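Take a look at the model below.

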Amino acid sequence: MERKRDTIVLYPSPGMGHLISMVELGKRILSITPAFSTISILIPEAPFNTGSTAPYIHHVTTFHPSITFHHLPSPISLSNFSSPSPHHETLIFHLVQLNNPNVLQTLKSISLSFSIRALVYDMFCATVIDVTTQLNIPTYCFFTSGAAVLAAFLYFPTLHRLHSTSFKDLQSPLHVPGVPPFPASAMPLPILDRNDESYHGFLHATSQIPKSSGIIVNSFDALEPRAMKAILDGSCVPDGPTPPVYCIGPLIAPGDSSDKSDCLAWLDSQPRRSVVFLCFGSLGLFSAAQLKEIAVGLEKSRQRFLWVVRSPPTEDKSKRFLAPPEPDLDALLPKGFMERTKDRGMVVKSWAPQVAVLKRESVGGFVTHCGWNSALEAVCEGVPMLAWPLYAEQHMNRVFMVEEMKIALPLEMDDKGFVNASQLERGVRELMESEQGKALSQWLLAMKESSMAAMSEGGSSYTALTELAQLWIGG
């Protein structure tokens, strides 16, 4: 009987950022390990807006036929799910738990044709360990944020035991091995209240990570050495063993080199390192009032800019998880703004090819929501950042990016995250003109070189993934 071909199964949680990271991991495995002829990716169907994944999946399938997608049916009982928690993460944890029977059947189906050497899951999908244990499949957690956030999440069960107060009510900073002290309020919104259902979802998921066969991190040693040391020496899981940790990044989508977007042609006509790029991720939405403050701040800064504007979030709670409509720039931006800034600025509706933008020599700064994929994309192109966190783990990322990695400057904001025009003007000027901004730019260029070295043959990330793949082949 002919021996089955080997495959690795990847299981991302809903969300474009998580999917992209998993696909890049799959592509990387295929590129350095010829023993794997295919990668199988499980796609859970989320009942809320996670960014449009269908065109992306089609693109990957077309250009990387060795990557196959298996769409999991939406659990019937999910339609009856209700929770007092306002956080969509609660729904994700519930969805993943209900999906276990679908995952079991899909893995059994894949096993008819392939030998599954390992399953790699996103942290939100930790309950899949119950399934893979039944099937005796080695299971690894792929942590799509950086090592500093991983250190904090591994230590979260310990923080839960040390503090009886909700993080939202805790006045003292949190102390986590391997990272700078940070405000308890910087923890992701869903875990600020220990009475919220999402808090306990995170608590369970993070407590499962050490039970994995290993942890894969989308970062590289030179970017986060202190956090990696703390994780590897077991400081972040004081009450048990820490599994092997593999730092295999930076994994980022390469971007479309054939993209002919108008904004790229405009960037090519601008002076070197002169343009500040403002873009806030697939879920980053601002109020109309905030958009006007950004416009005024940009105009007063006198800097060249490329700004991606998206429609404000809807007030209709029944539509809060749906994609927003195309923005009406005339209604949202100050009267005459477009005309007054046309010689040094460009506004793009809803979306821009971020990787291609950051590759342009004219881009000298990036105002970012501190999403990890975006941060890595900027590091890989040597572009310094101005940190404006919005949601998820981004407030933690801001602390670590500014204080530990030294790859961003902080943007002033009020305690509700609102940034006025003067604050944005100062932040952009500091990033683009100040001595601190210039020093940051030089450091980012050095980190760009380090990231390239890590991913090259013989580099730390290349070696880590090669060792892991050899383990799977021999498993």
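The paragraphs below cover the sheet, the cores and the salt bridges.

This is a predicted model, in which local features need pLDDT of at least 70, side-chain atom pairs count only at pLDDT 80 or more, and totals for chains, interfaces and linings use all residues. Residues are numbered from 1 along each chain as its sequence is written, and side-chain values use heavy atoms, with hydrogens and water left out.

Seven strands form an open sheet in the order 3-2-1-4-5-6-7, and their pairing is parallel. Strands (E, at least two residues) and helices (H or I, at least four) are DSSP runs, numbered from the N terminus. Two strands pair if DSSP finds at least two bridges between them. Strand 3 (67-72) and strand 7 (245-247) stand at the edges. Each has a single partner strand, so one side of each is left without a neighbour in the sheet. On average, neighbouring strands of this sheet are turned by 25 degrees against each other, direction ignored. Strand 2 (residues 38-44) runs parallel to strand 3 and is joined to it by six bridges. Ile43 stands opposite His71 in strand 3.

Helix 17 (residues 460-474) lies across strand 1, strand 4, strand 5 (139-143), strand 6 (214-217) and strand 7. Contact here means heavy atoms within 4.5 Å. Helix 17 runs at about 135 degrees to strand 7. Such angles run from 0 to 180 degrees between N-to-C directions; axes are lines fitted to C-alpha atoms, for helices over the stretch in contact.

Now the interior. A nonpolar core is a set of buried Ala, Val, Leu, Ile, Met, Phe, Trp, Tyr and Cys residues joined through side-chain atoms within 4.5 Å. Buried means under 20% relative accessible area, exposed over 50%, and partly exposed in between (1.4 Å probe, protein chains only). The largest core has 130 residues. Tyr11, Tyr121, Phe167, Phe182, Leu306 and Trp307 touch the most other members. Helix 5 (residues 147-162) gives this core its largest share, eleven residues. What does Tyr121 touch, not counting residues up to four places away in sequence? Its contacts include Tyr11, Met22, Val128, Ile129, Tyr140, Phe142 and Ile209. A second, separate core of 35 residues includes Leu19, Ile29, Ile41 and Trp472.

Last, the charges. The structure holds 15 salt bridges. Each is a side-chain nitrogen of Lys or Arg within 4 Å of a carboxyl oxygen of Asp or Glu. One of them joins Asp6 and Arg117, with the closest N and O atoms 3.8 Å apart. Asp6 lies in strand 1 (residues 5-11) and Arg117 in strand 4 (residues 114-122), so the pair ties together parts that are 111 residues apart in sequence. Asp6 is buried at 6% relative accessible area, and Arg117 is buried at 15%.

Asp268 and Arg360 also meet in a salt bridge, at 2.9 Å from N to O. Asp268 lies in helix 8 (residues 262-268), and Arg360 in the loop between helix 12 (354-359) and strand 11 (363-368), so the pair ties together parts that are 92 residues apart in sequence. Asp268 is exposed at 52%, whereas Arg360 is partly exposed at 22%.

Arg426 pairs with Glu412 at 3.1 Å. Arg426 lies in helix 15 (residues 421-433) and Glu412 in the loop between strand 13 (408-410) and helix 15, so the pair ties together parts that are 14 residues apart in sequence. Glu425, Arg429 and Glu433 are linked in a network of salt bridges.
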